[in-house]
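Please examine the structure shown here, taking the backbone first, then a helix pair, and finally the ligand site.

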Amino acid sequence: MNPRKRVLLAAPRGSCAGVDRAIATVEKALELYGPPVYVRHEIVHNTHVINTLKAKGAVFVEETDEVPEGSVVIFSAHGVAPTVHTEAARRHLTTIDATCPLVTKVHKEATRYAGDGYDILLIGHEGHEEVIGTLGEAPDRIILVDGPEDIDRIEVRDPSRVVWLSQTTLSVDETMETVATLRERFPQLVGPPGDDICYATQNRQIAVKQIGAQADLVIVVGSHNSSNSKRLVEVALGAGARSSYLVDYAEEIDEAWLEGVATVGLTSGASVPEILVDGVLEWLAQRGYGDVETITAATENQRFALPRELHHDLQMEADHTCHSP
Ligand code: SF4
């Protein structure tokens, strides 16, 4: 008899508080100021979200010098270096900073430790937007550690004043291994006061570990430039899944992946709208995987207020509407 086909659906999954806030920021800015509203870099790393916002009038640019003087520009959830703020001010741009507050927390840690004379070992992926932004907070004090091969090359001013910080979307287990290796070289290494890897990244990894241990195949919905989504594939494989793939949409799933598969695990990255997961569930149901069980590893109720700049303009508009005859 063939084993029962089923889907284990991870919870929590999908968009986090920082992503919800960033998307809402662009939508509110479009309502308030009208299109075009410029956004420096992808507001969040998800193809579907970007295409939806483009259709509403958002214009995505790589750098602020592509934004016409005097326009509105939004900085993405991944954060920016202080030089980007300076350049935007020089060009008389109205800026709205949608940096996730949990990324801002890492920026503040970096400036504080740099001010206290520490060398900062930033564990993260070279070239990732968040890492570029954090590095920019203290370029003379931060050394990027992107894998074990970087560790032997590190030179610090004072081995008794070294701290490690990290990108918010890394694999928790891998990061702890890196920290252990760093501590062998720098026994007095100190760590951040709280977790730099954010709650959303951690919870999604805990959940995918649970489904990965029971599933033959784990499908992760997310884009290929999404760091936390890519980590979910790695964690699923590490937990025991025979195979795991990252897809933007259900249409990208290859039927061959289902060969000999009884249990499919399903989750999504922190920048993924639930509608895309629904599409995958439907696709799987059409192929006999209609039995869905949710595996809940944590519950989340984190919310972030809209950026201060936007909040102010929304209030002004509300006051104006109230006082209009
Ligand atoms: Fe913020 Fe974490 Fe979401 Fe990134 S993944 S936007 S750091 S909550």
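Helices (H or I, at least four residues) and strands (E, at least two) are DSSP runs, numbered from the N terminus. The model is a predicted one, in which local features need pLDDT of at least 70 and side-chain atom pairs count only at pLDDT 80 or more, while totals for chains, interfaces and linings use all residues. Residues are numbered from 1 along each chain as its sequence is written, and side-chain values use heavy atoms, with hydrogens and water left out.

In the loop between strand E1 (6–11) and H1 lies Pro 12, and the peptide bond that joins Ala 11 to Pro 12 is cis, with omega near 0°. His 41 belongs to the loop between E2 and H2. Its phi is near 70°, a positive value in a residue other than glycine.

How do the two helices pack? Helix H1 (residues 17–33) and helix H2 (residues 47–56) have axes 11 Å apart, at an angle of about 5°. These axes are lines fitted to C-alpha atoms over the stretch in contact, and angles run from 0 to 180 degrees between N-to-C directions. Contact means heavy atoms within 4.5 Å. H1 contributes Ile 23, Val 26, Glu 27 and Leu 30, and H2 contributes Val 49, Leu 53 and Lys 56. By class, this contact has 5 nonpolar, no polar and 2 charged residues, where Ala, Val, Leu, Ile, Met, Phe, Trp, Tyr, Cys and Pro count as nonpolar, Asp, Glu, Lys and Arg as charged, and the others, Gly among them, as polar.

Around the ligand (a heavy atom within 4 Å) are Cys 16, Gly 18, Val 19, Cys 100, Leu 102, Thr 168, Cys 198, Tyr 199 and Ala 270. This shell comprises 7 nonpolar, 2 polar and no charged residues.
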